[in-house]
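User: Can you walk me through this model? I'd like to talk about packing, surface and salt bridges.

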Amino acid sequence: MAYLLRTLILIMFLSILLTIGLALGVLHIQNFSHIKVAIPSFIYTIFAQAFVMFYFIGVARLVDNVRTILSSEQNLSELFDQVPPDLKPYRAKVQRFHHEAELCKRQTIPWTMLMLILGMIAFLLGAAHDTGMVKKHIHSGVVYGFLAAMVIGFFRQWYYLGKSHVLLRQLKSLFQIPDGQM
């Protein structure tokens, strides 16, 4: 799943760079202005960021559910075929997994939200500039802010998607959960 999400955010990154390249006149595609590319690019950005955000929320939620089962010692049959007499090593590992999952979520979701908010504002200001209600430098400034947030967010998401992927594999192997099951 992490590889799919990395592909989604890479396509998002390239489509936004294409849009900015068209707007600056660096790139030229016949019959396509940056406005025609910006609309599907930003819709796609919303789509990709929603997937990434819910992936991190889902991984953190799974780890939290496992932690709750281990700490309450109820429904242990969901994790084990035969419950071991000592749960202490499992609790310690799951506590570390919980910390890592929360860290991944805390390090990526604020950048996701910032990207979406700045992207929406830039999109709306672009429409306002097109109708003559806002000067070009205002729209451009917000776009540059969006670009900065997207670059930082992209690299953070790329890194933490890898960490979450490894974390998920370790958690599933610890409790012998099949890869296709959450």
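**Packing, surface and salt bridges**

Analyst: Setting aside neighbours within four places in sequence, F80 is in contact with L70, L87, Y90 and F175. Contact here means heavy atoms within 4.5 Å. This is a predicted model, so local features need pLDDT of at least 70 and side-chain atom pairs count only at pLDDT 80 or more, while totals for chains, interfaces and linings use all residues. Residues are numbered from 1 along each chain as its sequence is written, and side-chain values use heavy atoms, with hydrogens and water left out.

User: Where does F80 lie?

Analyst: F80 lies in the loop between α2 and α3. The helices are DSSP runs (H or I, at least four residues; strands would be E, at least two), numbered from the N terminus.

User: And is F80 buried or exposed?

Analyst: F80 is buried, at a relative accessible area of 8%. The cut-offs are under 20% for buried, over 50% for exposed, and partly exposed in between, with a 1.4 Å probe and protein chains only.

User: Which residue is 96 places from F80 along the chain, and how far apart are the C-alpha atoms?

Analyst: That's Q176, and the C-alpha atoms of F80 and Q176 are separated by 8.2 Å. Q176 also follows α4, and its phi is positive, near 55°.

User: What follows α2?

Analyst: E73, and its phi is positive too, near 60°.

User: OK, core next. How many residues are in the largest nonpolar core?

Analyst: The largest nonpolar core has 48 residues, and those with the most contacts inside it are Y55, L70, M150, L171 and F175. At least two residues of this core come from each of α1 (2-24), α2 (34-72), α3 (88-130) and α4 (136-174). By definition, a nonpolar core is a set of buried Ala, Val, Leu, Ile, Met, Phe, Trp, Tyr and Cys residues joined through side-chain atoms within 4.5 Å.

User: What does M150 touch?

Analyst: Leaving out neighbours within four places in sequence, M150 is in contact with M12, F13, I16 and M115.

User: What about G162? Which helix is it in?

Analyst: G162 sits in helix α4. G162 counts as buried, because its relative accessibility is 18%. The C-alpha atoms of G162 and A2 are 6.6 Å apart, although the two residues are 160 residues apart along the chain.

User: What end-to-end distances do α2 and α4 have?

Analyst: The 39 residues of α2 should span 57 Å at 1.5 Å a residue, and its end C-alpha atoms are 55 Å apart, which agrees. α4 has 39 residues and reaches 55 Å from its first C-alpha to its last, close to the 57 Å expected. The expected span is 1.5 Å times one less than the number of residues.

User: Switching to the surface. Which residues form the nonpolar patch?

Analyst: I35, I39, I43, F123 and L124, with about 470 Å² of accessible area together. Two or more residues come from each of α2 and α3, and α2 gives the most, with three. Patch residues have over 30% relative accessible area and no salt bridge; nonpolar side chains (Val, Leu, Ile, Met, Phe, Trp, Tyr) are joined within 5 Å, like charges within 9 Å. The areas come from the Shrake-Rupley method with a 1.4 Å probe, and for residues only the protein chains shown count as cover.

User: How exposed is I35?

Analyst: I35, which is found in helix α2, is partly exposed, with a relative accessible area of 40%.

User: Last topic. How many salt bridges are there?

Analyst: The count comes to five. The rule is a side-chain nitrogen of Lys or Arg within 4 Å of a carboxyl oxygen of Asp or Glu. One of them joins R96 and E100, with the closest N and O atoms 2.8 Å apart. R96 and E100 are four residues apart in helix α3, about one turn of the helix. Salt bridges that share partners also join R61, D64 and R67 into one network.

User: How accessible are R61, D64 and R67?

Analyst: R61 is partly exposed at 48%, D64 is partly exposed at 21%, and R67 counts as partly exposed at 29%.
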